[in-house]
Amino acid sequence: MPSRFNLKSLFGTLAALMLLTALLHPEPAACQEQFARNLEHISFVPKGQWITGLSVNYTQDRQNDYQFLIAEGLNGSTYSFKVSPMVMYAVADNLAVGGRLAYQRNMNNFDSGTIKIDSETTYDIDHLNTLGQNFYAMGAARYYISLGNNTRFALFNEMQLELGGGESKILSGSLEDFTGTMERNFQLSVGLAPGMVMFLNNYSAIEVNVGVLGFDYTRTKAVTDRIYESHRNSKNANFKVNLFSISFGVAFYL
């Protein structure tokens, strides 16, 4: 009896171990099918191709007794201009690296106006003039994602590293109340800018991109009336679609 009891216990233990092993390491079923998305990816931009482009932005406004939100009776004019050439090279299929330069200039001239926050808080504008210009240099890496077998439309994601700086002056008042401030700034930006490209023919295309993720750092030094000196540092992290960063341009694929 003891030998039969031990033999039954041994068989029971082995059966339990085999069942536990089967549960922990199941064999692939013969009828199980492997999931595949069947995404097609073609060579949208082949290795060795040069990409050049140019983006230009220009705006101009004139205000006569203009009223908007807290601004009342504004009289003046503004303009902004920016030009940005680009050169990139495809080091592999659908992968391009390169950079771009940018020059930006803006001017605001307000002869008169009032900023009214509430019934007890108002600020009068008396001959407020601002003029600024900035230079930027950017390194970029771009990866293209084709839309199936379509060779006219594609998406891309661009990683950017930008350094820049410039100067601006702010003048306000007249006669005894005249005052002026000179500012110099340095800027560092890192970001991701996805976009879309549409080919018009074999060599030219229209591009649009928008910043959705990035970090900006700006350091500014200001001198007022050539006497008072101040410093300002600002940091900004962006983790959403920034509509003000939408950029349109024309590119040539050579």
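Residues are numbered from 1 along each chain as its sequence is written, and side-chain values use heavy atoms, with hydrogens and water left out. As the model is predicted, local features need pLDDT of at least 70 and side-chain atom pairs count only at pLDDT 80 or more, while totals for chains, interfaces and linings use all residues.

**Rings**

There are seven aromatic pairs here; rings of Phe, Tyr and Trp (its six-membered ring) pair if their centres lie within 6.5 Å, with planes under 30 degrees apart called stacked, over 60 edge-to-face and the rest tilted. Two of them:

| Pair | Centre distance | Plane angle | Class |
|---|---|---|---|
| Phe44 and Phe199 | 5.4 Å | 65° | edge-to-face |
| Tyr103 and Phe135 | 5.0 Å | 45° | tilted |

Phe44 sits in the loop between α1 (2-24) and β1 (50-68), and Phe199 in strand β6 (residues 179-199), 155 residues apart. (Helices are DSSP runs of H or I, at least four residues, and strands runs of E, at least two, numbered from the N terminus.) Phe44 is buried at 8% relative accessible area, and Phe199 is buried too, at 10%; buried means under 20%, exposed over 50%, partly exposed in between, using a 1.4 Å probe and protein chains only.

Ring pairs also join Phe44, Tyr144, Phe156, Phe199 and Tyr253 into a cluster.
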